[in-house]
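Colleague: I'm new to reading protein models and could use a guided tour. Can we go through it one feature at a time?

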Amino acid sequence: MKMPVFWIIAGTTEGRELIDELRRSNAKVYVSVATDYGRELIEPYQNLHIQARRLDREEMIAFIREVQPDCVIDTTHPYARIVTDNICEACRETATDYIRLQREPGRLVSNNPSFNANILENMIYADNSEDAVRVLNDKTGNIFLSCGSKEIETFTGIKDYQERVFARVLPMQDVMEKCEKLGFKKSNISYMQGPFSKELNIAMLKASQARFLVTKDSGETGGFQEKIEAARELGITVILIRRPEQLEILKRSGKIDEKEDAQQHTFYNKEQILQKLARDYSLEQRPNQPWFPLFVSLQNKKIVVFGGGKIAARRIRTLLPFDANITVITPELVPELKQELAGNEKVTLLCRKYQEGDCNGADLVLAVTNETQVNRQIAEECTRYGIPVSVADRKELCTFYFPAVVRKGNMVIGLTASGEDHAKVKKTAEKLRLYMNERMEL
Ligand SMILES: C[C@@]1(CC(=O)O)C2=NC(=C\c3[nH]c(c(CCC(=O)O)c3CC(=O)O)Cc3[nH]c(c(CC(=O)O)c3CCC(=O)O)/C=C3\N/C(=C\2)[C@@H](CCC(=O)O)[C@]3(C)CC(=O)O)/[C@H]1CCC(=O)O
Ligand SMILES: NC(=O)c1ccc[n+]([C@@H]2O[C@H](COP(=O)([O-])OP(=O)(O)OC[C@H]3O[C@@H](n4cnc5c(N)ncnc54)[C@H](O)[C@@H]3O)[C@@H](O)[C@H]2O)c1
């Protein structure tokens, strides 16, 4: 059966969760994130291909034509409108299915009925930042912006903005420079990273003597509710910048024309989306299958081992009888092993840390350092060049498993529990060693 292919445009928690759900599936998963930081947040696995680059519309079209996904899953931020527009247009141009996964809009409800009445009375909807500025220019009193720095320049359109506007933005160099350049007073801008409690919101709104709070509907995990409740408690008017209209976006993907259909393309949680992917694109979750024992000659093959601790030592000892050329790259090596290896011309020791390119020319690689990030880089380098790699702290990154080896002469048993129970493998191997030594006449 054909393997389903998905292209996920990520960058949000929802996106990362979905990507993780596909780890054990039959799908081939392409992921695009905007930055290297976004890439680092994603746990790699074998059928996952990540690219960290902002694509424009034409590049998206080219990418879809190249990898031919069954559908494109847009998990970008609800307000990342330009990206969503581009994705939709690229889907329409290539006649590819478009699916949206996004955080559920924040619920403006509470168990207390007076809350709803109260907050709705004090709420003004704006279609976008420009619209919010228009509304605010008809009003007097201080304004607290909590809608990010991306469009903060629009708010310089507010009369007396240097006096009236207070803002809370992320503590990043470029954001600080931007705010200063736009002429905001230092004392009016708070550089802070969320999440923010209701109490903190109340304190900040009080300190700025705000009569208006401007916010986007960032959904429940975005601290939306805490802001709304703080505003309600202080009797402050909320200017709510609406989410870009879903229906309008979906129509542009060329995939729908009826309102009911819009619902079928938008999902608020991963369970719903996984059901759809199973139904429409034959997505299947695969149980963990046993790995096949492949016996290969290591004679004069080049094996590179990164790390020189307890585990690396155990594995090097296991490898020695198989007559490979072993290069060990590690700043430190356990002293007993150092002695054992001294004078062994099959072993080369390089006393330094891993460097990109070290795997070049290797037939087999063992990533056994105690630095997760380094092991991961080694795995990536090997995957790029098709070199089999075993990663001691992350079985998902292994393209082969290092087995427990039980040997007597040329009789070799390689043992693995398919990565599921290492302690059991060890115990079983010990029993087999005893059996081989005591009972086998070889
Ligand atoms: C067979 C053996 C060969 C060897 O290492 O020589 C081996 N692990 C052995 C022992 C062992 N490993 C671990 C413990 C601690 C106790 C425990 O977890 O119960 C013990 C027991 C001990 O050392 O006493 C911890 C551990 N292991 C892995 C992870 C990461 C993960 O699972 O993702 C973690 C968590 C690390 C952490 O938390 O940081 C991963 C792998 N270990 C593998 C091989 C590969 C699959 C083979 C299989 O099917 O098991 C695989 C998938 C990848 C690979 O490395 O190629 C060897 C027995 C040798 C013998 O006795 O002769
Ligand atoms: N698969 C297994 O059987 C198993 C069992 C237990 C632990 N582990 C995992 O294996 C890894 C190693 O365990 P250990 O007990 O040998 O650790 P350890 O701390 O004894 O040894 C780590 C070694 O890595 C080296 N190292 C550190 N940074 C390096 C770099 N940048 N480049 C090259 N070498 C570097 C150190 O010099 C040291 O020799 C850990 O990640 C551990 O979680 C695996």
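Modeller: Let's begin with polar contacts: a polar contact is a pair of N or O atoms within 3.5 Å. Keep in mind that this is a predicted model. Here, a backbone N or O atom of Ser-418 sits 3.4 Å from an oxygen atom of ligand 1, so by that cut-off the pair counts as a polar contact.

Colleague: How many residues surround ligand 1, and which helix gives the largest share of the shell?

Modeller: A residue joins the shell if one of its heavy atoms lies within 4 Å. Ligand 1 has 22 residues around it, and the closest include Arg-314, Ser-390 and Thr-416. Helix α17 gives the largest share, five residues. At least two residues each come from α14 (310-319), β17 (389-391) and α17 (422-439). By type, the shell splits into 10 nonpolar, five polar and seven charged residues.

Colleague: What about salt bridges? How many does the structure hold?

Modeller: Look for a side-chain nitrogen of Lys or Arg within 4 Å of a carboxyl oxygen of Asp or Glu. The structure holds 19 of these.

Colleague: Is Lys-276 buried or exposed?

Modeller: Buried means under 20% relative accessible area. Lys-276 has 11%, so it is buried, while Asp-280, at 40%, is partly exposed. For another pair, take Lys-186 and Glu-180, with 3.7 Å between the closest N and O atoms. Lys-186 counts as exposed because its relative accessibility is 65%, and Glu-180 is partly exposed at 45%. Salt bridges can also link up: Arg-57, Glu-58, Glu-89 and Glu-93 form a network.

Colleague: Last one: which residues form a nonpolar patch on the surface?

Modeller: Phe-292, Leu-294 and Val-296, with about 400 Å² of accessible area together. You'll find Phe-292 in the loop between α13 (270-281) and β13 (302-306). Phe-292 has 72% relative accessibility, so it counts as exposed.

Key:
Residues are numbered from 1 along each chain as its sequence is written. Chains are lettered from A and ligands numbered from 1 in the order in which they are written. This is a predicted model: local features need pLDDT of at least 70, side-chain atom pairs count only at pLDDT 80 or more; totals for chains, interfaces and linings use all residues. Side-chain values use heavy atoms; hydrogens and water are left out. Patches are made of residues with over 30% relative accessible area and no salt bridge: like charges are joined within 9 Å, nonpolar side chains (Val, Leu, Ile, Met, Phe, Trp, Tyr) within 5 Å. Accessible areas come from the Shrake-Rupley method with a 1.4 Å probe; for residues, only the protein chains shown count as cover. Helices (H or I, at least four residues) and strands (E, at least two) are DSSP runs, numbered from the N terminus. Buried means under 20% relative accessible area, exposed over 50%, partly exposed in between (1.4 Å probe, protein chains only). A polar contact is a pair of N or O atoms within 3.5 Å; within protein, one must be able to donate a hydrogen and the other to accept it, and residues adjacent in sequence count only if both atoms are side-chain atoms. Ala, Val, Leu, Ile, Met, Phe, Trp, Tyr, Cys and Pro count as nonpolar, Asp, Glu, Lys and Arg as charged, and the others, Gly among them, as polar.
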